[in-house]
Amino acid sequence: MGDTGRRSSVPRQESTEMPRLAVYALIVCVLSVAAAVVSFMEGYWLGIVWVLLAGLSSNMCWYYLKRARQQKSVTG
């Protein structure tokens with residue numbers, strides 16, 4: 001028929017989709033932590049590079065999530 005002007009009592013679900021770059025950064029972070037653990041277990045000091053990469057990718061993930069949340073709040 002038509003719009004009766006009433007609001008639906010069912011709450012609208014917000015999209016919980018993560019930005020693609022944040023997902024990639026999270027995957028890199030998890031993989032680099034695993035590589036650091038394996039590297040240190042084998043006795044290689046190269047694991048420090050993996051720890052640094054994990055820190056960088058973790059910060060990138062937070063940045064992209066925060067940016068997407070801000071853009072979503074601006075656009076409504």
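In this predicted model, the axes of helix 1 and helix 2 approach within 8 Å and cross at roughly 160°. Angles over 145 degrees count as roughly antiparallel, and helix 1 and helix 2 are therefore roughly antiparallel to each other. The crossing of the two helices is left-handed. On the side of helix 1, the contact involves Leu21, Ala22, Ala25, Leu26, Val28, Cys29, Ser32, Val33, Ala35, Ala36, Ser39 and Phe40. Helix 2 contributes Gly47, Ile48, Trp50, Val51, Leu53, Ala54, Ser57, Ser58, Met60, Cys61, Tyr64 and Leu65.

An α-helix has 3.6 residues a turn, so residues three or four places apart point the same way. Just after helix 1, glycine 43 adopts a positive phi of about 90°.

The protein chain as a whole contains two helices and zero strands. Of its 76 residues, 14% are buried. Among contacts with a separation of 6 or more, 57% are accounted for by residues 24 or more positions apart. The chain exposes about 6900 Å², of which carbon and sulfur atoms supply 63%.

Note on methods:
Residues numbered from 1 in each chain as written. Predicted model: local features only at pLDDT ≥ 70, side-chain atom pairs only at ≥ 80, totals over all residues. Heavy atoms only, no water. Helix = DSSP H or I, 4+ residues; strand = E, 2+ residues; numbered from the N terminus. Buried < 20%, exposed > 50% of the residue type's maximum accessible area, 1.4 Å probe, protein only. Contact = heavy atoms within 4.5 Å. Areas by Shrake-Rupley, 256 points an atom, 1.4 Å probe, with all protein chains shown as cover. Axes fitted to C-alpha atoms, helices over the stretch in contact; angles between N-to-C directions. Parallel < 35°, antiparallel > 145°, perpendicular 65-115°, else oblique. Left-handed = near helix turned anticlockwise from the far one by under 90°.
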